[in-house]
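Here is a short report on one structure. It covers salt bridges and a sheet.

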Amino acid sequence: MNNKLTAREKNQLLKLAREAIINCVREVTPKKKEVTDENLQSHQGCFVSIKVNGTLRGCIGNFTSEKPLYKLVQEMAVSAATRDPRFYPMKEQDLENFDMEISVLSPLQKISSIEEIEVGTHGLYIEKNFSRGVLLPQVAVEFGWDRETFLCQTCIKAGLKPEDWKEGTDIYIFSAEVFCEKAHS
C-alpha cells in the first residue's frame, strides 16, 4: 500500500460507500463530490463487504483499478449490494440495518512456498486453469483457520477440490488495510 489511510480518510470512504449503496437502492442520482485527498486519489484495489447482524450480505472487489480509490470504493459498494450472485440485490428494507467493511489492498504477490503465507496478515488468491478464488486476510482470523485450512477454503471458494492448492495452482498473497463502521448513522 502507498500510505496508511488516516481516520478521516477511512471515515470518508465509509460514508461514500454507504451513500452509494443508499442512492443505488433508492435510484437517486448522487451529487458529484470532489475528493482531493492524495491517498484517496491513489490507484489501489479494494473489497467492500456488507454485513447484516454480523452475517455476510455481499462482498465484491477488484485487485487493481484505473480509477481513484474513492471511486472504486463506491463502485464496489454498489456491486456488493446489488451484484453479488450469492445474495438477492438489496432493497429499501435492507437499508435499515447494514454495516460495511472496506479492505484496501496491496498488490498481489505470487509465492513459491506456502511458508510465505502469514495467517492474519495475508489474504489468498488462488488460480488453477479457469478457476480462481479469493479470501480476504480477516476471513482466516474470523474462522480461526490455520494456513492449510485457509488454502483449502480458498480452493473451495474457487470451485476446486480442497487439496488442489498442492499441485498446479498459482497462489498469490496480498495484505489489506481493513476498517469498518463503528455504528452507522
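## Lysine 67 and its partner

Lysine 67 is partly exposed, at a relative accessible area of 34%. This is a predicted model. The lysine 67 side chain meets that of glutamate 75 in a salt bridge, with an N to O distance of 2.0 Å. Glutamate 75 is also partly exposed, with 29% relative accessibility.

The whole structure holds 13 salt bridges. One of them joins glutamate 92 and arginine 26 at 2.9 Å, N to O. This pair links distant parts of the chain, 66 residues apart. Glutamate 92 sits in the loop between α3 (69–82) and β3 (99–105). Arginine 26 sits in the loop between α1 (7–25) and α2 (38–41). Glutamate 92 is partly exposed at 41% relative accessible area. Arginine 26 is partly exposed too, at 46%.

Aspartate 170 and lysine 110 form another salt bridge, 3.0 Å from N to O. Aspartate 170 belongs to strand β7 and lysine 110 to strand β4, so the pair ties together parts 60 residues apart in sequence. Aspartate 170 is partly exposed, at 28% relative accessibility.

## The sheet

Strands β4 and β7 belong to an open sheet of four strands. The order is β4-β7-β5-β6, and the pairing is antiparallel. β4 (109–110) and β6 (131–135) each have a single partner strand, so one side of each lacks a neighbour in the sheet.

β5 (residues 123–128) pairs with β6 over five bridges, in the antiparallel sense. Isoleucine 126 stands opposite glycine 133 in β6. Helix α5 (residues 147–157) lies across β5, β6 and β7 (170–174). Helix α5 runs at about 130° to β6.

Definitions and conventions
Residues are numbered from 1 along each chain as its sequence is written. This is a predicted model: local features need pLDDT of at least 70, side-chain atom pairs count only at pLDDT 80 or more; totals for chains, interfaces and linings use all residues. Side-chain values use heavy atoms; hydrogens and water are left out. Two strands pair if DSSP finds at least two bridges between them. Helices (H or I, at least four residues) and strands (E, at least two) are DSSP runs, numbered from the N terminus. Contact means heavy atoms within 4.5 Å. Axes are lines fitted to C-alpha atoms, for helices over the stretch in contact, and angles run from 0 to 180 degrees between N-to-C directions. A salt bridge is a side-chain nitrogen of Lys or Arg within 4 Å of a carboxyl oxygen of Asp or Glu. Buried means under 20% relative accessible area, exposed over 50%, partly exposed in between (1.4 Å probe, protein chains only).
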